[in-house]
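Reader: I'm new to reading protein structures. Could you walk me through this one?

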Amino acid sequence: MNDHQSFYEPLDDNELRDHLRLSLPPTNSRLGWQLDEQQILGAIDILGIELPVRIRFMTTKHGDSLGTHYSRKDWHRVTIAQNIIKPGRASEVLWHELVHCMQAERFAKRTGKSINQFHKEEYKMLDGDWGSSYQDNLLEIEANKIAYQKNINYRLCKEV
Ligand SMILES: [Zn+2]
């Protein structure tokens with residue numbers, strides 16, 4: 001097959017479906033590691049996430065958050081630090097944020113609401129009374145435990 005023919009070849013259903021489910025940053029991380037698309041698609045399946053996930057890099061300082069999850073109306077936005085963590089740790093952080101995607105969809109299925117109500121109506125409600133118990137939030141504990149267990153044998157980021 002020459003380049004001319006391949007240029008006109010339509011996207012196949014699998015390619016199209018994968019791109020709708022997962023969008024990744026176009027570059028490697030600043031430290032040179034890379035997000036592993038096929039592994040992340042597998043993780044999305046493992047966690048039963050159905051809505052699209054868009055992952056973007058962020059640049060962060062030591063002591064700041066290494067990852068974030070935001071529920072939009074019908075898709076998830078995830079960011080991950082690209083400049084201060086190695087791929088093994090980055091993979092665990094990404095697992096953690098993907099668990100938040102799963103939690104938001106679990107909330108949506110149970111309540112019939114959009115995932116964008118998850119943070120206010122469920123996540124924040126599980127903070128402690130004194131506003132300082134982020135680490136004790138049940139959903140954080142769940143995300144940390146699943147991320148730790150999964151990341152032992154299943155990595156989402158790799159050295160290039
Ligand atoms: Zn978290």
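Predicted model: local features only at pLDDT ≥ 70, side-chain atom pairs only at ≥ 80, totals over all residues.

Reader: In what pattern do helices and strands follow each other along the sequence?

Author: Let's begin with the inventory: the chain has 6 helices and 6 strands.

Reader: What share of the contacts with a separation of 6 or more links residues 24 or more positions apart?

Author: For a sense of scale, the C-alpha atoms fill a box of roughly 65 × 40 × 25 Å along the principal axes, and 28% of the 160 residues count as buried. Among contacts with a separation of 6 or more, the share with residues 24 or more positions apart is 63%.

Reader: How far apart are the end C-alpha atoms of α4?

Author: Helix α4 covers residues 87-111, and 18 of its 25 residues are buried, which leaves the helix mostly covered. At 1.5 Å a residue, α4 should span 36 Å, and the model agrees with that, because the end C-alpha atoms of α4 are separated by 36 Å.

Reader: Which residue just after α4 takes a positive phi?

Author: Look just past the end of α4, where phi is about 75°. The residue there is Gly112.

Reader: Are α3 and α4 parallel, perpendicular or oblique to each other?

Author: Helix α3 (residues 37-47) packs with α4 at an angle of about 40°, and their axes are 10 Å apart. An angle under 35 degrees would count as roughly parallel, and roughly perpendicular begins at 65. With about 40° between them, α3 and α4 are therefore oblique.

Reader: How many nonpolar residues does the contact of α3 with α4 have?

Author: On the α3 side you can find Ala43, Ile44 and Leu47, and they meet Trp95, Leu98, Val99 and Met102 of α4. By class, this contact has no polar and no charged residues, and its nonpolar count is 7.

Reader: What is the handedness of the crossing of α4 and α6?

Author: Helix α6 (residues 138-153) packs with α4 at about 130°, with the axes 8 Å apart. These two helices are therefore oblique to each other. As for handedness, α4 passes α6 in a crossing that is right-handed.

Reader: How many charged residues does the contact of α4 with α6 have?

Author: Residues from α4 in this contact include Trp95, His96 and Val99, while Glu142, Ala143 and Lys150 are among those from α6. By class, the contact has 7 nonpolar and 6 polar residues, and the number of charged ones is 3.

Reader: Is Thr68 buried, exposed or partly exposed?

Author: Thr68 is found in strand β4 (residues 67-71). A buried residue needs 20 or more other C-beta atoms within 10 Å, and an exposed one has 12 or fewer. Since Thr68 has 16, this residue is partly exposed.

Reader: How far apart in space are Thr68 and Glu97?

Author: Leaving aside neighbours within four places in sequence, Thr68 is in contact with Val78, Thr79 and Glu97. Thr68 and Glu97 are 29 residues apart in sequence, yet their C-alpha to C-alpha distance is 6.4 Å.

Reader: By what distance are the C-alpha atoms of Arg77 and Pro52 separated?

Author: Arg77 sits in strand β5 (residues 76-81) and is partly exposed, with 17 other C-beta atoms within 10 Å. Beyond its neighbours within four places in sequence, Arg77 is in contact with Arg54, Tyr70 and Arg72. Arg77 and Pro52 are 25 residues apart along the chain, and their C-alpha atoms are separated by 8.7 Å.

Methods
Residues numbered from 1 in each chain as written. Axes fitted to C-alpha atoms, helices over the stretch in contact; angles between N-to-C directions. Helix = DSSP H or I, 4+ residues; strand = E, 2+ residues; numbered from the N terminus. Parallel < 35°, antiparallel > 145°, perpendicular 65-115°, else oblique. Contact = placed C-beta atoms within 7 Å. Nonpolar A, V, L, I, M, F, W, Y, C, P; charged D, E, K, R; others polar. Expected span 1.5 Å × (residues − 1). Left-handed = near helix turned anticlockwise from the far one by under 90°.
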